[in-house]
Amino acid sequence: MVGIFIQPGAFAITPHKVSVCILLKIYAPPGLRAVPYPFISIAQHNRLGLFLLALTKSCDDIVEPKLDEFIHQFRVAGGFSSHWYINHLTSSLSSLLSPDDLFNFFAEMRGILAGPDSGVVEDDQLMLDLNSNLGIFLRRCVLAFNLLSFEGVCHLLTNIEIYRKEAPSSCPPYEQPCLDDSSSNLETCSEYENMDLENFVYEKVSEEIEARKEASEKVPFHLHAPKTLLDLVDDIDVPADLVSKHSEKGRQAGSYGDPTNNMLPDTDPSSGTFLRTNWQVQGYLQEQADTIEKDGSSVSLNGFEIILQQLQKMAPELHRVHFLRYLNSQSHDDYIAALENLHCYFDYSAGTEGFDFVPPVSSNSYGKYEIALLCLGMMQFHFGHPKLALEVLTEAVRVSQQQSNDTCLAYTLAAISNLLFENGISSTSKMLGLSYSPLTSVGITLSVQQQLFVLLRGSLKRAESLKLKRLVASNHLAMAKFDLTHVQRPLLSFGPKAFMKLRTCPVDVCKEIRLSYHLISDFGSEGSAMTVDGAFSTAWLKNLQKPMGSLVLSLESGSSNSSNVFQFCAQPTSIPGSVLQLLGSSYLLRATAWELYGSAPLSRMNALVHATCFADASSSSDAALAYVKLIQHLAVFKGYRGAFSALKIAEEKFLSVSKSQILLCKLQLLHDCALHRGQLKLAQQVCDELRVLASPVTGVDMQLKTEAGLRHARTLLAASQFREAASVAHSLFCMCYGYNLQVENASVLLLLAEIHKKSGNAVVGLPYALASLSFCQSFNLDLLKASATLTLAELWLSLGSSHATRALNLIHGAFPMILGHGGLELCSRAYIIEAKCYLSDPNFNVSENYEVVIDSLRQASDELQLLEYHEMAAEAFYLMAMVYDKLGQLEKREEAAASFKKHILALNNPQDKDD
Amino acid sequence: MSSKESCRIVERKKESCRSELRIAIRQLNDRCLYSASKWAAEQLTGIEQDPAKFTPSNTRFQRGSSSIQRRYRTNEITATPVAGVSYVTTPVMVEDDLVDGDFYLLAKSYFDCREYKRAAHVLRDQSGRKSLFLRFYALYLAGEKRKEEEMIELEGPLGKSDAINRELVPLERELSTLRKNGTIDPFGLYLYGLVLKQNGSESLARTVLEESVNNYPWNWNVWSELQSLCTTIDILNSLNLNNHWMKDFFLASAYQELRMHNEALAKYQYLQGTFCYSNYIQAQVAKVQYSLREFDQVEATFEELLRNDPYRVDDMDMYSNVLYAKESASALSHLAHRVFMTDKYRPESCCIIGNYYSLKGMHEKSVVYFRRALKLNKNYLSAWTLMGHEFVEMKNTPAAVDAYRRAVDIDPCDYRAWYGLGQAYEMMGMPFYALHYFRKSVFLQPNDSRLWIAMGQCYETEQLRMLDEAIKCYRRAADCNDGEAIALHQLAKLHSEVGRADEAAFYYKKDLERMEDEEREGPNVVEALIYLATYCRAQERYEEAEVYCTRLLDYTGPERETAKSLLRGMGMGSSQSGPPGMDIEQFPP
């Protein structure tokens, strides 16, 4: 009852298990032949053995199959074409008529077990090894039967009768307690009329359940909630390239299974529904948790809820169900339900159920409620309440310190640092500080960054000392991310000043990423210990549905589906999915880092690696992110046409991910495209949509808000509303400064310089450009620096022709970077400015060196036409026409002028050519 | 209308109630609906007898009844019958005795011996209405009995005990065809509703039960089933019920369940106009008063009840709660002994004993008895909550949390269990986590100052220090008539901590006034006086300050010195303030 945890692993004998026993008897009859009677070959015999093994191990459902389902499964298992088996099974079942029959049956069953002195047995004889999987199963059945009271035997008998009598067509449930039995008023009409509807619902549900992917690893149970903890990688978007090839994950999943197989049995207990063994149910829950973690929206809210409700009804003491309900409602953004279920779960389990990391401490009857706090904190974070989350996590830190639960503390610190990363919290001194951070006790107030750094260090150290490999890896990633965007300053500001170089350190980032990658070698060596054979068996049972060529495992079907077979073959040595996910994240972070540092090829390569190698293992948002990077790359380097078609593919693939990066990416592309084509209204509209995506809470979704602000300013700039643009950019700068978004500051400053340049105030623009340059330098943003250099050159140029040489030198300095890594727009801009420099240089003789200028301009105009950037294309053609005019080549001049006219017209009459 | 005439009308009404009930009791007995007939009979004797017609022996039960009632009735609003309510007279059902024959008699005997299946078998071909009902009812009860047995037999490792009444499905099938044919009587409808409810089709069950009570209102079982289906006030209001005096009983009990205590109380008081000696109503009134925390009245009522009905076990657990709250151990032990002798295997009895041990501080023993109560009835709400309290006392917080959570899962409106959960988590040093539970409990019972105070204290803990929120809580507590006057003091203290001197002074003053009214002394008075004195001096209201200081001089200890220095600081030291100051200087205590 209260406070007593019912021991897991209790094993009840059910009709289904009796049928499995009957098959076992066929498999290993107490005879002496190597291949017993009904079997044609050894292979067939082995196949039955495998089938039975899979039956006892698989965890694809919570209830045992009914007789007809079981027979169907058995048939599909292949090779058992004759009806002999099924007849034998049904007749054996129907011969069990009195309690005594059952007693005799189980006494016989004991006969097929080998004695403890199995060495004496001849080679030919078929005996089940006592310690084999099937042997243990049989022994448990016999033991469970022997433990039954007479009432229990009577119940078993009744149940077998029901089990046997159930019509194969599975008559519709008489009355179903429906989805929400308390509140539904629908049933007033008539309960009979609802039946079709209900069946329909169930069918739909089962389809959805089928569509899920089997994850295959064992993960610490509580780690499923904190999706947020694992995806420490966020992106800062810069272009990438896309490969349209993608794995067919998820598409082929619906092919297995007949509809009855996964159809939910009705919950009427009189119809003989039995829960599978505890082990199998837990395995099922584990798999579901993995699925939700990977891609929450692939599990339907109500469908899974029904299963969980049923499970709760059948096993009220299995509290993990509440946790799954929490996960389910969280992934479907039901805040209230998630909160309730979370509290409920921890009230019942006291956090002692399933936290696999901590060996059970026998003396501690206290419970581990700090885990509840950790989960609650992460839930609040997930729902966008950073303040509440911080409050809860602070409490978690305190309680874990009190309970000296270092594991939990390490996780909590990681969660807090993640929280600080994601959300701009301008001052934490009041909330945090007091309880943790060794420095505050000295009375030194730290900035948020410094606190973050201290937290990360603390968490990493703890995780290392506790050997929490996944946490170590994800902490390294977090560190890398921190190093990427923060300049480190010494923590103590007094004492002899150490040498400070105010730059980020790319070497550190690389080092951290590499350290996190070591995780794979840790798991590679101990892989076999981590596998769950339940998933293995489940996969096997499902593969049975496919047409079989040989009687060996279904390896040959590899051509049709990649992932399943990969999972299947690679299983015994494979690496847990969560580890793969982390590794995938490290690749994404690399891609992001290279984006920032300005190496487009490396960034693209890393995104590609993620998209090809980790697509199956990573969470859907990570996978989407990789695609987004590739699409952006495509847009910047190959123009919009390709990008949009790639986007279409990605949209289909990530259909379910609602507020996703894909949508964001689409809006970004649309905005860029609209700006280039001069469709300013559309651009403004898209910009507004982008802004709506961000949460209204201050300090949340900062990236998104910055992005929206930048694009707003750019739209205003394109509309020549310089004052408004400048004011937007200015307030954006203030925001970024307040929340310490330094990297974004660089681009905001550049934008300001750009605005002033366009408005004709080159002198005002210069300091902004210089400031942006220095930001770029200290954060190693090479590509952005090149772009800032270009702007600087333009500014110089617009100060008068006497500065042309200076500008030219600047451009030539930036050219290697721009031509090596820059996109179409940047390159063509560089070409045009170079041409302008030459043309305005009084020492430059056009008629002698016109090739230099014309080449640049032609290059630029080609690229700009790809981008449909009318304004700049027009400029290029104008310059070209001027040059030709000077050279006196009238024909070519007319040609260039015509192109110029075309682009100007297109710019002034923007129409939607296509979406 | 003359008083005599109105008197006659009341008398006529009583008489009609009486005759209706008499017939109903017989009919209910014929159908073996014993608890309903018990209830009806109780109400029948609850009607005040016409003294002219009956000898004193007839009114034995009613004699001397109510010194206490009278005592408390003086300050009540005399319940006047709602004007213009015309009751629908439901025609009394005519029995068709001719059809039911000897088999019915045999079956009823079997039924009375609790051999239900046998009874049903005897009636298998009978077509009389009584026989038909009795067969259904016997089948239903047979299924229930088997279910209870199976519940223990089937208890699985994961707590699965989903034994069901296997007769429900065939019963539902038969009853629904009967209903479609239109040959079903109100009793059949009752059974149909019962079956539907257990099968989970609640709204249909409601309709059916509604139909049943509109045709035959005297079956209390139907009303109580209907009431259990009215989980919100909206559902209750949507019911279409004929006006019958039984409806008032129903409404009262429904209001009570929906925690509309004052409405329930009004209804019961109205009913007492007719059924003034009804034990049932008396107990229900006590229940409502218990929810309103009027313990003295509840105690008096129960004493009275026990005098009239000494072997009563129903509702006695609540009486024990009252005795527990008043810490009268001997009375509680007496009660425990009494119920123990009457019927020891009632969950109420176990609960009372558990309460007794708890009061004695023997928490392990008390847990044993609460466990027993829960064994007898797994859904016995208050036992779970009380057991949670015991575990809290035993410092076994996880077990306490578990117990409370089970209570909450049985009834999500049990504010005590939510409160208990909050308390348990606060004990474990997780005040922020606890707030969730306090919020729940406060939401359910917004007029209970103790809950607000608990929540305020939670906000005030040194881990949180969310003083503004704490102040809000205490303000709510002070608004709902905080009996122990914690809120005012805390409000004053917190305001002074946050640095809002005006508010702090206001609340100190209020607190001081209150303590003066209740003639209480203690450190709080001193604290208030010191603060007020300092405050007034800072505000340059020297006269007031002087008043407070002089009051402080009555105390011994450091505060007297403070007062003296304050007085001196105001430039009216001992020399100016006259005799009292001089006394102090010259005659130290």
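In chain A, the charged end of A:Arg590 sits over the ring of A:Tyr587, 5.0 Å from the ring centre. By "over" I mean that NZ of Lys or CZ of Arg is within 6 Å of the ring centre and within 35 degrees of the ring normal. A:Arg806 does this too, with its charged end 4.2 Å from the centre of the A:Trp796 ring.

A quick word on the source: this is a predicted model, where local features need pLDDT of at least 70, side-chain atom pairs count only at pLDDT 80 or more, and totals for chains, interfaces and linings use all residues. Residues are numbered from 1 along each chain as its sequence is written, chains are lettered from A and ligands numbered from 1 in the order written, and side-chain values use heavy atoms, leaving out hydrogens and water.

Now, rings with rings. Over all chains there are 44 aromatic pairs (Phe, Tyr or Trp rings, the six-membered one for Trp, with centres within 6.5 Å; planes under 30 degrees apart are stacked, over 60 edge-to-face, the rest tilted). Why is the pair of A:Phe103 and A:Phe145 edge-to-face? Because their planes stand at 70 degrees, with the centres 5.2 Å apart. The partners are 42 residues apart, A:Phe103 in helix α5 and A:Phe145 in helix α6 (helices are DSSP runs of H or I, at least four residues, and strands of E, at least two, numbered from the N terminus). A:Phe103 is partly exposed at 41% relative accessibility, while A:Phe145 is buried at 2% (buried is under 20% relative accessible area, exposed over 50%, partly exposed in between, with a 1.4 Å probe and protein chains only).

Over in chain B, B:Trp245 and B:Phe275 make a tilted pair, 5.5 Å centre to centre and 45 degrees between planes. Both are buried.
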